[in-house]
Amino acid sequence: MRDVAVIGIGMTKWGELWEKSLRDIYVETALMAIEDAGVDHIDSMYIGSMSSGIFVGQEHIASLLADYLGTSPVPSARVETACASGGLALRMGFMEVASGMNDIVLVSGIEKMTDVGGDKATYALGTAADQEYECYHGVTFPGLYALMAVDHMNKYGTTRKQLAEVAVKNHRNGSKNPLAQFPFEVTVDAVLNSVQVADPLRILDCSPITDGAAAAIICPVDMAQKFRDHPVVKILGSGQATDSIALSQRNDISWLESTYRAGKGAYEMAGKKPSDMDLFEVHDCFTIAELCVMEALGMVEKGKSGEAVEKGRTAVNGDIPVNPSGGLKSKGHPVGATGIAQVLEIVKQLRGEAGERQVKDARTGLTQNMGGSGASTVVHIFERD
Amino acid sequence: MTTPSRYWREIPQRYRGEANSCEKCKKKFFPPRLICPKCGNRDLAKAKIADKGKVLSFTIIRVPPSPFKDQAPYAVGIVELKDGVKIMGQIVECDFKDLKVGLPVKIEFRKMFKEGHSGILCYGYKFVPDS
Ligand SMILES: [Zn+2]
């Protein structure tokens, strides 16, 4: 296998982008990544998108977006593992470059979610759960994560306030990210008094509905300095794993086995351990998700995540910074794009370009992108040369 | 969400709790499966799920999907039945303040929701406290 580097990144401001279509958002973002990389062509492209069919009534977007980007006839494929689709796009591109099949690959993710109303968006997101044995009973995604939260609180004494601290920390980070959908701070009180969605989760525990895309260019490490003089960011490890799509089928409701497995695969490939990471970008679709992910990735012991957040350990200046970008919570969550936006943050951090939210001396970072209630996870580990 | 044929296919599970179990490792599956994910055995025998169990976790859905608009707020839980089968379902006839992990419940057959304007009535299992 060849070593692979990320040489270009692109992302425009996320939010409710009523004036922009799926194809416009995509092309703007992909062009930014191509310009940042300084390449004059790409050999192939992957697009992570969870549900363009329901959100904008358009399937076959791989060819549509290649056409509008002006890269046809290069091969283009859309990949899907629910909210982990973006991470999967990177993994597919990584395999293609590592194998020697192609050199310069565009990996990207996109979701245009606000062309439909709230009910249809809820339905689209619900399709990432078991239609016959979960959705049939009226559960929602906040509901599934609420079931994990109640289990975690019951087993480990995790508190409602500790959950709120995740949102507060991520909004603090996001307030320093100009591309974030909600770049403002929130207080613990604001979270605890926000509208109830699925007990014990409230609206400020939940990531929002967002339009947005993110893109990156990858190539073999030995070609990385041919184009621009960015610090070279290598992909050291890639891991992916699955679990039962139905939450009820798991041995432990608040343990994310797919994240544990995907993390293990990535750590082993990279020859690294959790304590080697300078920062983490993880899938905080709900505040409880960030806590469960911290445990499954080995940042803290099982049951100790709430306490770690409360003590400030996961802040930008803490010993295990988590989601310096603002996470899904503040940055927004256009589901298929999230996994690539995580990569973008890690690359910015490792290049030392993260501005006010820069993690000091960041050299090694990890992304964890998760689908559904944890039935899919993709993990990548990056290091600056 | 559902069509008549899709609905009809799930009737044995939803109305009668039909499951199956692995003859080799004795694990019971609900819904029934074609292959045991544990040991790879394809020789699975018909079975039924137990009708009683206890709540493993629960939530109260305040912002429901559209077919459940007229029911919110309602409780949903994951229940472990006496035969080890774990299933999700609504917990009804229980004050929200009485919901707790470990609550004994039993299965009852109920109306779930009405599909669309002139659609079919959808039925299935729900949990009620077992006192
Ligand atoms: Zn078996």
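A residue is called buried when its relative accessible area is under 20%, exposed when that area is over 50%, and partly exposed in between, as computed with a 1.4 Å probe on protein chains only. The structure discussed here is a predicted model, in which local features need pLDDT of at least 70 and side-chain atom pairs count only at pLDDT 80 or more, while totals for chains, interfaces and linings use all residues. Residues are numbered from 1 along each chain as its sequence is written, chains are lettered from A and ligands numbered from 1 in the order in which they are written, and side-chain values use heavy atoms, with hydrogens and water left out.

**The zinc site**

The zinc ion is held at 2.3 Å by the SG atoms of Cys22(B), Cys25(B), Cys36(B) and Cys39(B); donors are N, O and S atoms within 2.8 Å of the metal (3.2 Å for Na, K and Ca), and sites may look incomplete because water is not among the atoms. Along the chain these donors follow the spacing C-x2-C-x10-C-x2-C. The angles among the four donor atoms are 102 to 125°, and the site is tetrahedral, a term used for four donors if all angles lie between 85 and 135 degrees. Cys36(B) is buried at 2% relative accessibility, whereas Cys39(B), at 37%, is partly exposed.

**The sheet of chain A**

Helices (H or I, at least four residues) and strands (E, at least two) are DSSP runs numbered from the N terminus, and two strands pair if DSSP finds at least two bridges between them. Chain A has an open sheet of nine strands with mixed pairing, in the order β3-β2-β4-β7-β1-β8-β11-β10-β9. Its edge strands, β3 (76–79) and β9 (279–281) of chain A, each pair on one side only.

| Strands (chain A) | Sense | Bridges |
|---|---|---|
| β8 (233–242) and β11 | antiparallel | nine bridges |
| β10 (364–371) and β11 | antiparallel | eight bridges |
| β2 (44–48) and β4 (105–112) | parallel | five bridges |

Within β11(A), Thr377(A) stands opposite Ala241(A), and His380(A) stands opposite Thr367(A). The hairpin of β10(A) and β11(A) has four residues between the strands, and Gly372(A) takes a positive phi near 65° there.

How values were computed
Tetrahedral: all angles 85-135°; square planar, octahedral: opposite > 155°, others 65-115°.
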